[in-house]
Amino acid sequence: MGLVRALKGCGGLAWLAGLLCALVCQAQTSALGPALGPVLGPVLGPVLGPALGPVGLDYFGLVLSRPDPAMPWPSVPFGSWRLWDAQVSWPQLEPVPGRWNFALLDRLVDEATAHRSKLLLVLAHSPPWASSRPDEASAYRPGYAAPPLRIEDWRRYVRSVAERYRGRIEAYQVWNEPSDSSHYSGSVAQLVELSCEARRVIAAVDPAAKLVSAGSAGGGRHIQYLDDFLAQGGDRCIDVVAHHFYVPRFGPEQMLPLIRQVREVMRRRGVDHLPLWNTETGWWIANTDGTPDHPLVANGGWRKLDADAEAGATLQRAFLLARGAGVERLYWYAWANAAWGLSQASGKPKSAANYWTALVEQMLGRRLANCQRDGQRMACRLISADGRSNDLQWDIGDALQAREGPAGQPQQAAAIPYAPVPR
């Protein structure tokens, strides 16, 4: 996340002693967020976005920092890994002109290969020696938010990375949250140039690699920024459209209007045939190990979720609803983090991580047929390869429920019991 670098903690967890066998969600009213009815309308309707195929593990992505090689691998199953706030941006790779330091990125790419995780590397931040405004303040260090002064320095950086990791990095994303001037202070036209140059260089070196648009965070002017980027030529240079569907004061149901707005922009700009990825989403998850709350979230209007059922229910609904809206990949921010982490800053898993594992078991290999709202009930239907349906339902203030049966023959719903993982 581009909100603050100080929060980007690190830590790893041992694999949980077992996997949950059933979807677990003790959803409380506060986890759903206020005023959902007026936002969503009476009915969501069938499949809000384009119908997608069976859910693969690559749908479940993490933003993950691993500066310490001794850090245990995350305990949750995931197939996609976004390298951001991972100490492998341009200033870390080329701190002075022509002097490269690939040691950390080499290890991370090796780890991704070993764990069969698809990598998305963010190409961003101008080192002070290359920055067009080296003394300008940013959310990170001075000069980082400004575009490079010379486009040839950018080309050399992109080419060096793409050549070194040819065939090992699935996709590249140019910059992070550019609609926020503390993260990117250049113009839209300059971002289009950086993106198109990156696309040209990468295509010549690694034709199979994808170029993902920069993901801005939130609605309003942030979605307008995507519209401007596409209108000014960015539409010709990307393989994937990205956005960060953050709704920090509400439940994940509030992502749906934003997804619809982004899809309308894609349609209007002629890129609605491209995949849509949510390259960052997360909520403030309470720490239970004594780590103090960071003022950015504590004083910034974020809603605090407990580390167990509230956070678990929220992440489950986020993955379900985004898939129903046609989002092909969702990267959760983040694994170990002082505010948004699914693990404690100390490295101990929060109980919410169990809910992730349970959801993967429910969704993997199944197709999400539709998500609908009927009064106070929300429901998403998963269809297995043999045609059996699995309806995952939740009420405001009630637990998520599931029912299985042949498609079109719903059975009596029953609350799914919580089965704690042994410690």
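Are F60 and W356 buried or exposed, and what kind of aromatic pair do the two rings form?

## A tilted pair across the chain

In this predicted model, both F60 and W356 are buried. The structure holds 22 aromatic pairs in its count, and one of them joins F60 to W356 in a tilted arrangement, with 6.3 Å from centre to centre and 50° between the planes. Because F60 belongs to strand β1 (residues 60–63) while W356 belongs to helix α11 (residues 352–363), this contact ties together parts that are 296 residues apart in sequence.

## A stacked pair between helix and strand

F319 and W332 form another aromatic pair, here stacked, for which the centres are 6.4 Å apart and the planes make an angle of 20°.

## The ring cluster

Which residues do the ring pairs link into a cluster? The cluster consists of Y59, F60, W283, F319, W332 and W356, and it therefore takes in F60 and W356, the partners that bring strand β1 and helix α11 together.

## Arginines over rings

Two arginines are placed over aromatic rings. R323 lies over the face of Y59, at 5.0 Å from the ring centre, and Y59 is itself one of the cluster residues. For R329, the charged end sits over the ring of W277, at 4.1 Å from the centre of that ring.

Conventions:
Residues are numbered from 1 along each chain as its sequence is written. This is a predicted model: local features need pLDDT of at least 70, side-chain atom pairs count only at pLDDT 80 or more; totals for chains, interfaces and linings use all residues. Side-chain values use heavy atoms; hydrogens and water are left out. Rings of Phe, Tyr and Trp (its six-membered ring) pair if their centres lie within 6.5 Å; planes under 30 degrees apart count as stacked, over 60 as edge-to-face and the rest as tilted. Helices (H or I, at least four residues) and strands (E, at least two) are DSSP runs, numbered from the N terminus. Buried means under 20% relative accessible area, exposed over 50%, partly exposed in between (1.4 Å probe, protein chains only). A charge sits over a ring if NZ of Lys or CZ of Arg is within 6 Å of the ring centre and within 35 degrees of the ring normal.
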